[in-house]
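Hi,

Here is the structure I promised to pass on. Have a look at it first, and then read my notes below.

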Amino acid sequence: MTLKTPHPHPGRCIVSLCCTLLVLFAAFGPSLSVAESPKKETVVYGGSTWLGHYPVWVGMKKGYFEQKGLDISFKQFHASSARMGSLLAGDLDFASTGSISALALMAYGVHSFYVVATQDSYATVEGIIATKDISDIRDLKGKKIAVTFASSSHVLVLDALESEGLDPGRDVSLINLKVSEMPAAFRSGEVDACGVWTPFFNRLLAVEGAHTLMDDTAFSLYRSHEIGPGPDLLVVSKKMPERRPETTKAFLEAYFQSVDFLISDPEESAALLVDLTGLNLEDQAAVLKDVKWNDLKKQQRMLVNPGAFAGGLQQLASFLEKHGQIDRAPHVKDWLRPDLLP
Amino acid sequence: MITPMHKSPRYLLISAVSFVCMVLLWEAICRLGLIEPVFLPSPSRVLLRAIALQERGELLIHILASCRRVMVGFLAAALAAVPFGIFLGTSRLFLSIFDPVISLLRPLPSMSWIPLSLLWLGISETQKYSIVFMGSFAPSLLYVIEATKSVDPVLVRAAQNLGAGRADVMREVILPGALPQIIAGLKVMLGIAWTCVISAELVAASNGLGFMIMNGKEYFQTDTVMLGMVLISLTVMIIDAVFKRIERKVLPWMS
Amino acid sequence: MNGSPEIEIRGLSKTFRTDRGEVEALRNVDLAIHSGEFVVVVGASGCGKTTLLNLVAGFERPTHGEIFLKGEPVRGIHPKCGMIFQQYALFPWKTVRENVEFGLKMKRVPKKERSETAEGFIELVGLKGFEDSYPNTLSGGMKQRVSIARALANDPRVMLLDEPFAALDAMTRQVLQEQLIRIQERQGKTMVFITHSIDEALLLSSRIVIMTARPGQISQDIENDLPRPRNASVQLSKRYIELKELVWDTVQAEVLKSMAAGATG
């Protein structure tokens, strides 16, 4: 508006210029400040404090991406769905997401992204935590169970109930809660059990009388395909390999360099990660101990069709369809691109 | 619906044609693949989603759950706000006593009550009602106070001159005199109650149109999201029409 | 007629406090009105005529002095004097019948009885057939007739009329004036009528009270001895013109005074 004025007053001109700069800085400041060097390729990554994003964070801290001439803009999203929405809108180049969100998008016929890797497994730190008097899944009958709808724990709870012949709609009441709200609800006795993942998993376990009713290792697909109810996926925007293949390759190289470092030096990794997660060093180290990282070699084995993971993911899609979470199970392999791995 | 005047058949015809054209254009844009369905699902896809949900018996549950929350929360707010508002509108002393509380409560969006209401009332239907109540009570109260103040003081004098006592004046003059404005205010508040119920259903809800929209978003089912939006519009339109009926019954002298 | 007058006003003064300071509306007014009198109060606008009525009706409290109705002091709003407002003040949410019944309803008169009484008064003011109409469907003249019926139905001894016909057209006004005279003759009510029309005063009154410009005081108190009915020939009579001149001279002087005051203030 001010720019269109033909002959603005000089004083006002300076003021409006300052204002414009301020606005620009406010809007783009955080990413601009990282992107000072013009030679570097900027890659926008969608993450959060969740452990699935540790490799990118550690890679940034260790300078692996920088060495490849990449500059990472790390954007935080607290929900997988928000992150994937941003990817859809074309704002992200790479992201990591829970597989439920990815499968939901595939089911809706969205082809604007590929799955390139599944970087971690955290089967022992996600599960159902219940009060003392509930010692068996069958005891959940008539109880209130808190789950975050559309999350991996939701899937886990549905699977557990089904395996014992309980109807999630009739035999129990599922309450849609964010994991961060579960400790309070559980402590006050408003819910009898929670489907939850780390670090709230550990926090809930610390509540007097709480115990793990089951964890991901009891998930039906874990037993058959070693796939948890919501494995993390590394996804890439479709236009990345098409338009910036070199950058894509460089990113993935640095990424798995990072995974290797997470495997080989968990202590230093933990120290680097506290900046991201805000956990204390001890808790951070504990979280890391519970995660199994899949290195590059393992990726190739898992993702290449008919690898165990690809089959598992397809099974998960069918499971979601069966439970009415998605309309139709997509052909997952259409989205898998292990060929992009370096 | 917009009510600028009495709607002539011509007006209605043009509106109907424009509506059909709009839907057809929307369908065409989607069919031609100009916009991906995840960004804008076609009307037919939204309709199919409605049918699918209906078959699973979920559609009505969501609609009724939201309607019940709006009705309970809104009616409670209205039942509290009307007598209290009339009382405050006619008593300068009590208005000055309650002014600070009301002024502080009024700007609070219903969303901001969610954390406290969860602590106070737990994860329950009462908590949902309370969000609708808190979102609509203070503004309703202000509408009623203003409506009460707008009653012509000459009418109060006329009534007193004919022997009306304080209670008579309230019942016979202030209440009916303020009623048209109270109803107009409550109609606006009903719309606001719907926005409240959507926020109430964002947290710890497993049904309702707000939940349906949010859950649809989690699964990227834009058609579910759209359907939820359409249903909210339709429900509010129907309730509005019912309200108008009631208005005609309660305010026969206005027509 | 018993000893004490219908209305007795003693040493009445009224001062209003406004944002722009104090305004003295009435100063030291003494007036006695007897049963069956038709007193018309005339005066320049802003001379405190309406204030006088409001004080009699109890809507306002005097600053000094007292008002007695049949010897009883006025201590607040009371239903002894029926007020007719210039803006009719009908309840828009009540039908003609419900409006007229209002005073009786306040007296907890049974529904059937008050309905019969109301119908009688609706007929008296010539509105038969409009019992179930709402006020907003009536003309100004009809509204004022409803208002008169409403006051009469409550059977007050005194009627206070605050420029009741000022907002009506000339034809309607004439009809209503004649109707009011008939009603007064038939019902024998004491009337206190405010107007700024000298013709209206001469036509209706048995006595004319002229007020000075603000602060309002009584400047003249004239017996209107014109014969009734005050038809066209009376209005052309010598006595009518004499009285009109007398009233006009006094009122004109007060109007000029108030205009001068307005110019300086």
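This is a predicted model: local features need pLDDT of at least 70, side-chain atom pairs count only at pLDDT 80 or more; totals for chains, interfaces and linings use all residues.

Let me start with a pair of strands in chain A: strand E1 (residues 41–47) is joined to E2(A) by seven bridges, and the two run parallel.

As background, strands in a sheet pair through backbone hydrogen bonds, and they can do so parallel or antiparallel.

In general, a pair of packed helices is described by the angle between the axes and the distance between them. For helix H2 (residues 54–62) of chain A and H11(A), the axes come within 8 Å and cross at roughly 95°. An angle of 65 to 115 degrees counts as roughly perpendicular, so that is how H2(A) and H11(A) are oriented to each other. On the H2(A) side, the residues that meet H11(A) are Tyr54(A), Pro55(A), Val56(A), Val58(A), Gly59(A) and Lys62(A). Facing them from H11(A) are Ala254(A), Tyr255(A), Gln257(A), Ser258(A), Val259(A), Phe261(A) and Leu262(A). By type, the residues of this contact split into nine nonpolar, three polar and one charged.

How many residues of helix H5 (residues 99–107) of chain A are buried? Nine of its nine, so to speak: the helix is mostly covered. The buried residues run through Ser99(A), Ile100(A), Ser101(A), Ala102(A), Leu103(A), Ala104(A), Leu105(A), Met106(A) and Ala107(A). The cover over them includes helix H4 (80–88), strand E3 (94–98), strand E4 (113–117), helix H6 (152–163), strand E11 (232–237) and helix H15 (308–322) of chain A. Just after H5(A) comes Gly109(A), which takes a positive phi of about 85°.

On to where the two chains meet. Chain A puts 19 residues into the contact, and chain B puts in 14 residues. On the chain A side, H4, H5 and strand E8 (173–176) each supply at least two residues. E8(A) gives the most to that side, with three residues. The chain A residues that touch chain B divide into twelve nonpolar, six polar and one charged.

Finally, chain B itself. The C-alpha trace spans about 75 × 55 × 30 Å along its principal axes. Chain B has 255 residues, and 38% of them count as buried. Of the contacts in chain B between residues at least 6 apart in sequence, 71% join residues at least 24 apart.

Cheers

Terms used: Residues are numbered from 1 along each chain as its sequence is written. Chains are lettered from A and ligands numbered from 1 in the order in which they are written. A residue is buried if 20 or more other C-beta atoms lie within 10 Å of its own, exposed if 12 or fewer, and partly exposed in between; C-beta atoms are placed from the backbone. Two residues are in contact if their C-beta atoms, placed from the backbone, lie within 7 Å. Helices (H or I, at least four residues) and strands (E, at least two) are DSSP runs, numbered from the N terminus. Ala, Val, Leu, Ile, Met, Phe, Trp, Tyr, Cys and Pro count as nonpolar, Asp, Glu, Lys and Arg as charged, and the others, Gly among them, as polar. Two strands pair if DSSP finds at least two bridges between them. Axes are lines fitted to C-alpha atoms, for helices over the stretch in contact, and angles run from 0 to 180 degrees between N-to-C directions. Angles under 35 degrees count as roughly parallel, over 145 as roughly antiparallel, 65 to 115 as roughly perpendicular and the rest as oblique.
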